[in-house]
Amino acid sequence: MAWVGTRGLRLFAAEEQLWQANWKLLVEGGLEAYHFRVTHRDTIARLFNDNLSSYQCFGPNFRSILPRAGLLQLQDKPEDEWDIRECSNLLYTIFPSNSLLVQSDHVVWIRNEPLSAGQTRIRVATLVPRESARPDTYWQKNHAFTVKTLTEDFEIAQSIQSGLDSGANTVLNFGRFEGALARFNEQVRQRI
Ligand SMILES: [Fe+2]
């Protein structure tokens with residue numbers, strides 16, 4: 001948190017939404033990147049490399065690195081000029097149900113609050129530097145774009161939930177690109 005600089009941030013805007021999906025489905029959306037080209041076709045997909053991400057576990061918590069398309073330009077720069085926040089989005093999943101999406105100049109805090117097995121209240125908050133020359137219109141645009149993009153994720157989760165509720169599948173396996181999802185669910189299982 002010190003590295004992220006959370007102490008120097010202020011709350012710019014926040015909004016809450018109710019979604020008809022289990023909280024774990026909503027957290028899982030942040031733990032893989034292969035959905036970008038489909039789910040985020042019209043928003044962020046063009047900003048990222050297709051299906052490229054990595055994750056590390058810190059106890060039950062995760063740090064996912066999502067390199068942006070500009071990453072390859074770093075090859076022409078000396079390594080000591082590289083700044084991971086300039087070329088990647090970082091997503092810290094704080095167990096069990098909070099995430100911090102760290103972008104180049106601000107942070108988005110996503111809080112999933114389970115209300116029942118099939119319903120979650122989500123709060124999306126945009127945190128911006130206390131000291132910044134950027135006008136509020138810039139942050140407002142960012143906040144609106146983030147909410148729009150995350151809504152694409154939440155709609156998919158809601159759709160997965162209705163598929164699960166149909167009872168058509170008794171078993172579902174995580175696939176090759178879903179390693180972090182399996183690890184996350186293992187942490188949940190252990191605590192239950
Ligand atoms: Fe997504």
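Student: Taking a salt bridge as a side-chain nitrogen of Lys or Arg within 4 Å of a carboxyl oxygen of Asp or Glu, which side chain meets arginine 189 in one?

Tutor: Glutamate 186, with 3.1 Å from N to O. This is a predicted model, in which local features need pLDDT of at least 70 and side-chain atom pairs count only at pLDDT 80 or more, while totals for chains, interfaces and linings use all residues. Residues are numbered from 1 along each chain as its sequence is written, and side-chain values use heavy atoms, with hydrogens and water left out.

Student: Where do arginine 189 and glutamate 186 sit?

Tutor: Both are in helix α5, three residues apart, which means a separation of about one helical turn. Helices (H or I, at least four residues) and strands (E, at least two) are DSSP runs, numbered from the N terminus.

Student: Is arginine 189 buried or exposed?

Tutor: Exposed, at 54% relative accessibility. Glutamate 186 is partly exposed at 35%. The cut-offs are under 20% relative accessible area for buried and over 50% for exposed, with partly exposed in between (1.4 Å probe, protein chains only).

Student: How far apart are the closest N and O atoms of arginine 121 and glutamate 16?

Tutor: They are 4.0 Å apart. Arginine 121 is in strand β7 (residues 119-129) and glutamate 16 in strand β1 (residues 9-19), so this bridge ties together parts 105 residues apart in sequence. Arginine 121 also bridges to glutamate 113, at 3.1 Å. Arginine 121 is partly exposed, with a relative accessible area of 29%, and glutamate 16 is partly exposed at 47%.

Student: New topic. What coordinates the iron ion?

Tutor: His35 (NE2), His40 (NE2) and two OD atoms of Asp153, at 1.9 to 2.6 Å. Donors are N, O and S atoms within 2.8 Å of the metal (3.2 Å for Na, K and Ca); water is not among the atoms, so sites may look incomplete. The sequence spacing of the donor residues is H-x4-H-x112-D.

Student: What is the site's geometry?

Tutor: Irregular, with angles of 56 to 151° among the four donor atoms. Four donors count as tetrahedral if all angles lie between 85 and 135 degrees; four count as square planar and six as octahedral if opposite donors are over 155 degrees apart and all others between 65 and 115; anything else is irregular.

Student: Is histidine 35 buried or exposed?

Tutor: Buried, at 11% relative accessibility. Histidine 40 is buried too, at 1%.

Student: How many aromatic pairs are there?

Tutor: Seven. In one of them, the rings of tryptophan 23 and phenylalanine 184 have centres 5.9 Å apart and planes at 85°, so the pair is edge-to-face. Tryptophan 23 lies in helix α1 (residues 23-28) and phenylalanine 184 in helix α5, so the pair ties together parts 161 residues apart in sequence. Rings of Phe, Tyr and Trp (its six-membered ring) pair if their centres lie within 6.5 Å; planes under 30 degrees apart count as stacked, over 60 as edge-to-face and the rest as tilted.

Student: Which residues do ring pairs link into a cluster?

Tutor: Trp23, Phe95 and Phe184. Tryptophan 23 and phenylalanine 184 are both buried.
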